[in-house]
Amino acid sequence: MTKKDDETQRVQYLLDIEYHYAAGELATRFFTELKEAGRIMGMRCSGCHRVYLPPRPVCGICYKELKDWVPLSDEGIIVGCTVVHLPFIDPMTGEQRPVPYGFAIIRLDGASTSIYHFVDETDEKKLRVGQRVKAVFREPRTGSLHHDIKYFRLVGK
Amino acid sequence: MEGTMTKVSIVGVAQTRFEERIASLAINELVYMVVRELLHKTGVSMKEIRSIVTASQDAWDGRTISGMTINEVVGGYLNAEAKVAADGLQALLYGAARIMSGEYTLTLVVAHCKESEGTPHAITNLMFDPFTQRHLGLDDVTAAALQARRYMRLRGLAAEDIAAVAVKNHRHAKKNPFAQRAGDFTITDVLNSPILADPIHELEAAPQSDGACALLLASESKARTVTDHPVFIIGMGNATDAYWTDRELGEAKALRQAASRAYRMAGIEYPAHEIDVAEISARYAYEELMAMEALGLSEAPQDMLARGDCEIGGRLPINPSGGPLCGNPVTVSGLVRVVEAYLQLTDQAGEHQVHGAQTALAHGAGGICGQNQSVVILRRE
């Protein structure tokens, strides 16, 4: 192969596939609690007592069926974080998301697993692992984690 | 199987109901249902299972690394979990190889697909070469129609010969509680059903389907501790042919090759006489006739069908479950054929039981016009 990149062709193809993902029984209950009560619910394993967020049919460790719903705090701790400088098209708006912005993996108080969300802090010195954060809700709620929580904000210790 | 290879057996199976749209269950909930049932039936605990092979496809699930959607419910955490992005029968071959290696005594094999969640035309269009074909809007049905015409021309088959396959399968499906579409259709009914792409009518094509199935493979010694009625995999073979426009489309050469490998391994010389029941992955009616020929079950399958030999109670029942024409999603199609063959060999098939079946054949296919083919031969003790 001796041709340079600009001497060979590329073929464009636009993918447009619509999906309707069935949320199922557990996620439907989770979203309903979020919408109607503004409450984030986890599921506790009766074997190892881990609390899973988001809900799922079984504990991946014990393989026990999860049945117990428990309310979780809207506050938690940053497990991992980054300040993103790379622009991308926001799937929620179709617009380019302004940079920079904060992203974090957040362990809510009472949960054994984490969620992932925006944090309204772009200063790398303040956005750090171990920092406490609190959810900022968007009203009216629609029953989706990415919509109903606008972002997390830093809270003092 | 010779030398030091471990013998592979199937010790239990489970399948969900198959429906056009199972809207109430997420994919992981659907798969959990079928795995839970399998564990319950076999009495095996998930803690004992260290090897898992699943089959699913990213484009259908609308998610890359589609196996991760079901990681917990198949017991994947920190185990030897792998996904096959192909027909479910390929997952069985992979799982069987793990048992044969002697490294694992149990392997869970699972396949799922919810065709209702995506857009079948757009998804199957992605199979085609983006440089020369895809932009023309081809999909699975159109390609099948082109193959059907070619095959009918080569064999001198009439529309009625193909429709007879659909008549037989929908009648069989009435006896299968898991079937999605069933009924006493006549040849005229089939040929009067809406035409999808000439010569394929709606009742000659697999309907949109959601569902999952699972089975548990075990080494012979482990199998003895789980069940008194293990079913042994005595032959396996697969083969991949050239791209659909590069080969003689009216012949299923890859299936002939896959079958000959499976028969050689199983020591089968005269399949038409030694196979008692066959479950064939015919997602279109004409494919069943093509497969019967390529599998060496009949030289004139349309005549065999017309004589009633392929009926439950006939000389060689084909698709007593109704087959994929009566509703099994892609990816699940091939594996559920094994599930059905297992039910036959353990006398658990209920109303569609083929009495006295000792040896069964299960067939799976994938790719455009069956580019990839696989065959498994099963035998009861």
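Modeller: F185(B) lies in the loop that joins α6 (159-173) to α7 (187-192) of chain B; helices (H or I, at least four residues) and strands (E, at least two) are DSSP runs, numbered from the N terminus. This is a predicted model, in which local features need pLDDT of at least 70 and side-chain atom pairs count only at pLDDT 80 or more, while totals for chains, interfaces and linings use all residues. Residues are numbered from 1 along each chain as its sequence is written, and chains are lettered from A and ligands numbered from 1 in the order in which they are written.

F185(B) is buried, since 20 other C-beta atoms lie within 10 Å. A residue counts as buried with 20 or more other C-beta atoms within 10 Å of its own, as exposed with 12 or fewer, and as partly exposed in between, with C-beta atoms placed from the backbone. Leaving out residues up to four places away in sequence, F185(B) touches A166(B), V167(B), H170(B), V190(B) and L203(B); contact requires C-beta atoms, placed from the backbone, within 7 Å.

Two strands pair if DSSP finds at least two bridges between them. β2(B) pairs in the parallel sense with strand β3 (residues 80-84) of chain B over five bridges, and T54(B) has K83(B) as its bridge partner there. With strand β4 (residues 106-114) of chain B, β2(B) also pairs in the parallel sense, over four bridges; here A55(B) stands opposite A111(B).

Helix α13 (residues 333-345) of chain B is mostly covered, with 13 of its 13 residues buried. Its 13 residues should span 18 Å at 1.5 Å a residue, and the end C-alpha atoms are 19 Å apart, which agrees; the expected span is 1.5 Å times one less than the number of residues. After α13(B) comes D347(B), with a positive phi near 55°.

As for confidence, chain B has a mean pLDDT of 97, and 99% of its residues reach 70 or more; pLDDT is the predictor's confidence in each residue, from 0 to 100. The model scores ipTM 0.93 and pTM 0.96.

Key: Two residues are in contact if their C-beta atoms, placed from the backbone, lie within 7 Å.
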